[in-house]
Amino acid sequence: MYIIGLNHKTAPIEIREKFYLNPSQQDLLLSELKANPSVAEAFVMSTCNRIEVYVKRVDRFSDMEFIIPLIAKIKKIVFDFDSAKYLYIYKDDQAVDHLMRVATGIDSLVLGEKQILGQVKSSVERARALSIISKYFNILTNVAIRAGKKAQNETDISCGGSSVSWAAINMAEEHLQTLHGKSILIIGAGKMGELALAQIHSKGAARIYLMNRTGEKAEALAERFSGIPVSFMDMKDTLLDVDICICSAGAPHYILDKSMVEPIMAKRDHRKLLFMDISMPRNIDPQTATIDGVCLFTIDDLDKVVGENMKKRQSALVQVENIIGQKIKEFHEKWQKVQDHSDSDFFEPAEV
């Protein structure tokens, strides 16, 4: 087994967003891997905090150096030697251990993050749909997903809030002392936007505006959480009113830049505006932070969020490490059975 990747620990957001793969790019990479004779099985994870390629090689001598240049080709970027310092490579037992840590949330930016388990499942299902998952990864990923479920259900690793959205709301609350009576704009009605909306709804905000490319989805979410759906055409007027703008749009480009925000701030009569950009790639131009009265936070700032929940999670680490040890042993036992009965068909239903 072989993993090559980069994550929030090894690469800043400006590097991660260069290599971030959207769903169609993931499909293209998987197709290229499937066509490569040195690759037996593979799946790809691409989230706001990590881009990782998991490969079962045909043999341990198979050269995997083509993977990063292949990603660069798909992304239409130039891979330079300077970028190599952000990469890590794990093999065999170390790679198995890494996947377990990812699935249990202890390798996440927000310790115990729950969403990562769904992201692991989605990554595997995408590869399975393209028929590039077979016996080895079928067994390994099922065991890893069970490890993640066990960690969430039987320890405090995910107690309280445990998502990027949760961390963003907590940081905003710390920065402003309270969200009570504040006006808030959420851009993006995807999973992170929905989680942010649910959390803000309980904080006593005066007004919650919701903006999304698909108006129907914004309207449905706004109705659930007593929000106000607004159009992108209303961006300037909405930013004039709000205290906080949380952006999780997932657009492939900046939707807010300095030239748009600067005249808005000039009309706000010295009222500060807090931006939380939790998109990947980023959707708010970093130059926006140079405008007087603007405070901009990104995903990489969220590791500063601390509190009692985080202390409880830290204390659960030993329990999760024990779970990982048990599940690695379980995987090796299952895989040994497959090798001992290599002539017979082996199928293990996918974890759901």
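## Exercises on a predicted model

Lys85 and Asp82 form a salt bridge in which the closest N and O atoms are 3.2 Å apart. The structure is a predicted model, and the exercises below work through this pair and several other features.

**Exercise 1.** Determine whether Lys85 and Asp82 are buried, partly exposed or exposed.

*Solution.* Start with the cut-offs: buried means under 20% relative accessible area, exposed means over 50%, and partly exposed lies in between. Lys85 has a relative accessibility of 56%, so Lys85 counts as exposed. Asp82 has a relative accessible area of 44%, so Asp82 is partly exposed.

**Exercise 2.** Find the parts of the chain that are linked by the salt bridge between Asp27 and Arg126, and classify both residues by accessibility.

*Solution.* The two side chains meet at 3.0 Å, N to O. Next, place each residue: Asp27 is in helix 2 (residues 23-35) and Arg126 is in helix 5 (residues 115-129). The residues are 99 apart, and the pair links distant parts of the chain. For accessibility, Asp27 has a relative accessible area of 28% and is partly exposed. Arg126, with 26%, is partly exposed as well.

**Exercise 3.** Explain why the buried residues of helix 11 are on the same side of the helix, and list the elements they pack against.

*Solution.* Helix 11 spans residues 258-266, and its buried residues are Val261, Ile264 and Met265. These residues cover an arc of only 95° around the axis, which puts them on the same side of helix 11. The face turned away from the buried side carries the exposed residues Ser259 and Ala266. The buried residues pack against helix 10 (235-241), strand 9 (273-277) and strand 10 (294-298).

**Exercise 4.** Describe how strand 9 and strand 10 are joined, and how far strand 10 is covered.

*Solution.* Strand 9 and strand 10 run parallel and are joined by 5 bridges. In one of these pairings, Thr298 in strand 10 is the bridge partner of Asp277. Strand 10 is mostly covered, with 4 of its 5 residues buried.

**Exercise 5.** Which element gives the largest share of the lining of the largest pocket, and which residues lie nearest the centre of this pocket?

*Solution.* The largest pocket holds about 1,300 Å³ of space. Of its 49 lining residues, Tyr20, Ser248, Ala249, Gly250 and Met280 lie nearest its centre. The elements that give two or more residues to this lining are helix 1 (13-19), helix 2, helix 5, helix 7 (164-176) and helix 8 (191-201). Helix 5 provides the largest share, 6 residues.

**Exercise 6.** Locate Asp340, classify it as buried or exposed, and give its C-alpha separation from Ile328.

*Solution.* Asp340 is found in helix 12. Its relative accessibility is 53%, so Asp340 counts as exposed. Asp340 and Ile328 are 12 residues apart along the chain, and their C-alpha atoms are separated by 18 Å.

Conventions: Residues are numbered from 1 along each chain as its sequence is written. This is a predicted model: local features need pLDDT of at least 70, side-chain atom pairs count only at pLDDT 80 or more; totals for chains, interfaces and linings use all residues. Side-chain values use heavy atoms; hydrogens and water are left out. Buried means under 20% relative accessible area, exposed over 50%, partly exposed in between (1.4 Å probe, protein chains only). The arc is that of the directions from the helix axis to the C-beta atoms. Contact means heavy atoms within 4.5 Å. Two strands pair if DSSP finds at least two bridges between them. A salt bridge is a side-chain nitrogen of Lys or Arg within 4 Å of a carboxyl oxygen of Asp or Glu. On a 1 Å grid over the protein atoms alone, a cavity is a set of points where a 1.4 Å probe fits but cannot get out, and a pocket is an open set with protein on both sides within 12 Å along at least five of seven lines; lining residues have an atom within 4 Å of a point. Grid points are joined across faces, edges and corners, and a volume is the space filled by probe spheres set on the points.
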